[in-house]
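Q: Please take a close look at one part of this model, the side of one chain that touches the other, and at the packing beside it.

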Amino acid sequence: MLKYIIKRVIFGIIILLGVGLITYAALRLMPTDFLYEQYRLGHITWETYQEMYYGLGFNHGVFGGFFVWLGSAFQGNFGLSFFTNRPVMEEIFSPRMGITVMIVIISMIFQLAIAIPLGITSAVNQYSKRDYSITFIVMMLFSFPSFFLAALLVMVFAVWLGWFPTQGMFALGLSPAATFFSRIHHLILPIMTVVLISLGGTLRFTRMNTLEVLSADYIRTARAKGCSERVVVYKHAFRNTLVPFVTSMATLLPGLFSGSIILEQFFAIEGLGNLVFMATRHGDVPLMMAYNMFLAILTVVSVTLADLMYAVVDPRIKITK
Amino acid sequence: MELTLNQLNNEPEKVEKEEEQQDVVRGLSPGRIVLRRFFKSKLTIGGLVVLATLFLFSFLGPVIFNAPDPTITQTGEFYFQSFWVNIEAVSIRVFQRFPESQYGPIHYGNPSSQNWFGTDSSAFDVFSRLMHGGRISLTIGFVSVFISTTLGLILGALSGLIGKWVDHVIMRLADVFSSVPGLPLLLIIGAALNMLEEELGIGNARIFILMGVMAFLGWAGMARLVRGQILMLREQEFMTAAEAMGFSNTRKIVKHLIPNIMPQIIVSMTLGLGGAMLAEASLSFLGIGVLAPTATWGTMVSAVNSLYHLENYPLWWLPAGLMILASVMSFNFVGDGLRDAMDPRARR
């Protein structure tokens, strides 16, 4: 087990290095005059310019530059954002991050709460009318461009029905308590969009897994023992679908973060996605580098943890090698 | 086990199995059986019909309705032309209007007999944009799917056939590429292309570069699929038999491995087309894919970036969005139908 964990960690580090190199190479495609522009406009001093220029390894080629960046990153120095002139880490781990994480987590909870029961009924009543309609809706949600769904929801719920505001974060000039509720009010449509967009995949996955588990021998045994259908489905079947579920959730999380770039743009939410979009527009190498590494670490850590969890959740799985 | 569409619209399994056996008894060739199964699913046929309609609409539509590309000409009323001007060594794209009528261009035009869906803020006819946009939107997916499939096929085959350290290296590479955050990286490259536009002057060829990059990032899934299939097939009896008969490696690969992997590849290509279309639409929506005056369905939906347009001119973005939705859905239905038809093992 320990050997396996060490092996996975080493693979994880290799993957992170690879992702970092690819991102850095892409960023170096951008014209690097942006930094000089910042100095020329008087946003940064000559010393800062020099420090940044060499700190980001702009004087080296792509490979050399990447390792220079890596070296300063290991010392905890991710540089100043070209765009806001503040330390990159302060920019990323800021209230903006809180907003994005909040949207991601809340929509994840709602999505699971909707997808799991629907997926199970769909599988239990296979070939029924309900199953057909659920499957069709899943396929449709699967095929929606997220921004188009967002536009439709705004059209219906904000413009026609007027239930929710169309854009923004909160209404101005309210008491703190009212501002809080105004925030929630503003976040309902974005969260609804995220839930609907990611619902399809989870539902489809739940249905598939439940069907597979339901055909297992121990389910027949449970029925033969005379267990009620409720017990069979929720105690014997559902618990066994949880194992593949853990992995599927792990791969979902990073996707939700990059998806937030499009939706925060549309709903004018000042979250991490919006920041990243602005940063790319301004050729902000340090910020994009840090953000992409953050996403890559999120991916690698959650996938590795999920694989390890596999063994914890299901004692039947033995880790070899 | 996969969710299959035949479950949706076929009679229960038993009847199906009997029919299948009848097909075999009747002596139909495997190809015919696949075709029969494929056309039995109503949703698959629906998908095909929708796709055919959309393709006809985009490619024949402009000819039938006599609607030339509105970014070049504006039907009847106006004549648009874009060209590059060099001012102090910097190329700038200039749009010039040549008025053909005294009334001037119709910006924000209402739907009329001449402009069925009205005209947009640049006085372009929305209906012609819809048709011309489809030409790019529907075909761009093929580019990236073709590249990523070729890459994935070659690397996956190398990995599965040679094994040993080659397998290790390729699979670790696949791990790296599947962990690269796709959208942020495309954003970076798109932004870089925007900034370098003056030097490169590639115009709308940029979308091909972006789709190429996407394919370059997306081969990992296909490589894993091909590798897994090869590893599985190698253990099958017919491969042992081929070995025993002393067939050459080329013959084993060409005659025995490839035909057995083909169905999986075709299915995942079809399903990939929908994903590639969505990616193109997202990039164009964010303003880094196909750039503004050129019509694609993605750029048309990006009208919703302005709340005023979203509220008051649904005709500008709603039909384009629905067309993206319809075509992605159809690609998915056809892909699922193909899987059901070609891979009886995947069915249930």
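A: Two residues are in contact if their C-beta atoms, placed from the backbone, lie within 7 Å. This is a predicted model, in which local features need pLDDT of at least 70 and side-chain atom pairs count only at pLDDT 80 or more, while totals for chains, interfaces and linings use all residues. Residues are numbered from 1 along each chain as its sequence is written, and chains are lettered from A and ligands numbered from 1 in the order in which they are written.

In these terms, 43 residues of chain B are in contact with 52 residues of chain A. Helices H1 (6-9), H7 (164-179), H8 (182-200), H12 (249-285), H14 (307-312) and H15 (314-342) of chain B each supply at least two residues of the side that touches chain A; helices are DSSP runs (H or I, at least four residues), numbered from the N terminus. H8(B) gives the most to that side, with 11 residues. The side of chain B that touches chain A has 32 nonpolar residues, seven polar and four charged; Ala, Val, Leu, Ile, Met, Phe, Trp, Tyr, Cys and Pro count as nonpolar, Asp, Glu, Lys and Arg as charged, and the others, Gly among them, as polar.

H12(B) also meets helix H9 (residues 206-217) of chain B. In H9(B), B:Ile207, B:Leu210, B:Met211 and B:Met214 meet B:Ala276, B:Ala279, B:Glu280 and B:Leu283 of H12(B). By class, this contact of H9(B) with H12(B) has seven nonpolar, no polar and one charged residues.

Finally, B:Trp317 touches A:Ala151, B:Met300, B:Val301, B:Ala303 and B:Val304, not counting residues up to four places away in sequence.

Key. Axes are lines fitted to C-alpha atoms, for helices over the stretch in contact, and angles run from 0 to 180 degrees between N-to-C directions.
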